[in-house]
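Here is a brief report for a first look. Please view the sequence and the model, then read on.

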Amino acid sequence: MTINEAQDEVIEEFSGLDDWMDKYQMLIDMGNELNGLDDKYKTEQNLIDGCQSRVWLQCDYRDGLLFFTADSDALIVKGIIALLIKVISGHSPKEILDADLYFIDRIGLREHLSPTRSNGLLAMVKQIKDYALAYSLKEAH
């Protein structure tokens with residue numbers, strides 16, 4: 001599944017919900033389904049700067065693809081990172097760098113987050129793209 005197909009699937013899932021309380025509940029459920037991150041990865045190095053909550057993001061490179069795992073101490077934030085992982089994990093660094101993550105605006109996520117959570121969301125996306133950039137540079141050498 002391409003990144004855009006995954007985004008379209010997320011948009012479809014959220015389009016059936018009119019009420020934002022239902023959408024928040026769906027985010028929380030997604031966060032609860034996220035496999036927790038092993039404590040050995042809950043390091044300062046994996047902590048995302050710019051998030052009010054604590055969010056750890058681990059990236060593994062296998063066979064030219066990036067696989068992400070994450071955890072957070074906040075339910076909705078954990079759901080947001082689970083959503084990002086669902087869309088971008090398992091793709092090449094180039095695909096991730098080239099991706100336009102349009103689903104964030106299409107499901108109304110950015111406009112329904114507090115300013116601090118919205119900044120956190122941007123920090124998560126930036127960290128994911130930073131990993132992709134770092135691995136794409138490694139591939140080039």
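## The hairpin

Trp56 has Asp71 in strand 2 as its bridge partner. Strand 1 (residues 55-62) and strand 2 (residues 65-72) run antiparallel, joined by 8 bridges. Strands are DSSP runs of E with at least two residues, helices are runs of H or I with at least four, and both are numbered from the N terminus. Two strands pair if DSSP finds at least two bridges between them. The two strands form a hairpin with 2 residues between them. In the turn, Asp63 has a positive phi of about 50 degrees.

## Basis of the model

This is a predicted model, in which local features need pLDDT of at least 70 and side-chain atom pairs pLDDT 80 or more, while totals for chains, interfaces and linings use all residues. Residues are numbered from 1 along each chain as its sequence is written, and side-chain values use heavy atoms, without hydrogens and water.

In one of them, the ring centres of Tyr61 and Tyr135 are 4.9 Å apart and the planes are at 0 degrees, so the pair is stacked. Tyr61 is in strand 1 and Tyr135 in helix 6 (residues 115-140), so the pair ties together parts 74 residues apart in sequence.

Tyr61 is partly exposed, at 33% relative accessibility. Tyr135 is buried, at 17%. Buried means under 20% relative accessible area, exposed over 50%, and partly exposed in between (1.4 Å probe, protein chains only).

Methods: Rings of Phe, Tyr and Trp (its six-membered ring) pair if their centres lie within 6.5 Å; planes under 30 degrees apart count as stacked, over 60 as edge-to-face and the rest as tilted.
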